[in-house]
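Me: I'd like to learn how to read a few features of a protein model. Can you walk me through one?

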Amino acid sequence: MSATWAWRTEQRTARLGRRSRCRNGRWGRVRKPRGRSALQKCRRHPRASSWIELRIKLSRPSLGPSLARPGPPLEAHMDNLQEFRDPVNYDLEELPGSADRIAFMCRRALRVAGPALDLGCGTGIVALPLAVMGLSVTGLDLSDAMVAHARHKAATLGVKASFSVQDMRCFDLQRTFRFITLTGHAFQALLTQSDQSMLLHAVARHLDDEGEFVFETRNPAGTDLASSAEEEPWFAYVNASGSEVQVSGTQSYDRTRQVLTWTTSRRWSTDGGPTLHRSDIACRFTEVQELDALLNAAGLRVKERYGAWDGRPFTSASEEIITVCERVRGPSVEVCATPPT
Ligand SMILES: C[S@@+](CC[C@H](N)C(=O)[O-])C[C@H]1O[C@@H](n2cnc3c(N)ncnc32)[C@H](O)[C@@H]1O
């Protein structure tokens, strides 16, 4: 998820000599894609004059046949959205560490210009600065609460941006974008290789031929993945009610699933006495080689890669894997070679 991650990591690394922790999503309802499926559309495609040509069109990511498939089950994700039930305090925790990340995304988006899509947009920490710069922006997130707050902030700022509540693994916006971003480590909210693959295929279908997809995921090799049951202090901030909140937590890593679960404790005092709130969040850690295989399989090619938001090149010890991708152009030979049935 977040830039705050970078901020927290720095603070924690300095204080504790350890690195880790993040937060992820609250899973709300999924709206079914409206209209005809991509497959139905392709069958009626006016320029699909033969089966072979139709198959070529079907093989293009922007018309990918998986739009016609039902979405993956949501139940497994419901618990992983606990950290996103309080968007106002989410912003208070996340915004202070987000400046470098926002600046990076703004530079990239301005370079390619054109419509931008922010996947897992949350409260619009990145989507709204892009809209303020004059780009046409769509934010997509599964959390009703986060999207409602993003809409409220857009109205308060007086900027135009549209938001959609959908599951990023199977979203369908019926159009393409010049710039697609997925940041705040939202990629890691997808806890299986198959979910991450579905997301990347959906991205490829929505990316312009000249477009860029920019996202980050924490580098497993640059992260302390050791399980630790002993609670450690992480950081403190002042919440929306003016109380100082002490944030601490534990972590537990499942090597087989490549999933790290953080349990966060937030403690603050009110007139009624001390309050403790606990929540869990799980994040998948993807090795760079696995990531590249997933990108290739989705028809995306790595253009540039960085290890930090200041533009440092990626090394095996980097904390972040920041990847800039473009779509591989042209139809897939494999599908074209399939005989018509
Ligand atoms: C840490 S937040 C990042 C928000 C924003 N990108 C930022 O940088 O602040 C992760 C976001 O991903 C969203 N999310 C998690 N799983 C999702 C899914 N399957 N589809 C869409 N959004 C999802 C969560 O609701 C949450 O808002």
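This is a predicted model: local features need pLDDT of at least 70, side-chain atom pairs count only at pLDDT 80 or more; totals for chains, interfaces and linings use all residues.

Me: How many helices and strands does the protein chain have?

Reply: Helices (H or I, at least four residues) and strands (E, at least two) are DSSP runs, numbered from the N terminus. Here the protein chain has 11 helices and 11 strands.

Me: At what angle do α9 and α10 cross?

Reply: Axes are lines fitted to C-alpha atoms, for helices over the stretch in contact, and angles run from 0 to 180 degrees between N-to-C directions. For α9 (residues 193-206) and α10 (residues 288-297), the axes cross at roughly 45° and come within 9 Å. Angles under 35 degrees are roughly parallel, over 145 roughly antiparallel, 65 to 115 roughly perpendicular, and the rest oblique, so α9 and α10 are oblique to each other.

Me: Which residues meet there?

Reply: Contact takes C-beta atoms, placed from the backbone, within 7 Å. Gln196, Ser197 and Leu200 in α9 meet Leu294, Leu295 and Ala297 in α10.

Me: And what joins β6 to β7?

Reply: Strands pair if DSSP finds at least two bridges between them. Seven bridges join β6 (residues 228-238) to β7 (residues 244-254), and the two run antiparallel. Proline 233 stands opposite serine 248 in β7. The strands form a hairpin with five residues between them, and glycine 242 in the turn has a positive phi of about 85°.

Note on methods: Residues are numbered from 1 along each chain as its sequence is written. Two residues are in contact if their C-beta atoms, placed from the backbone, lie within 7 Å.
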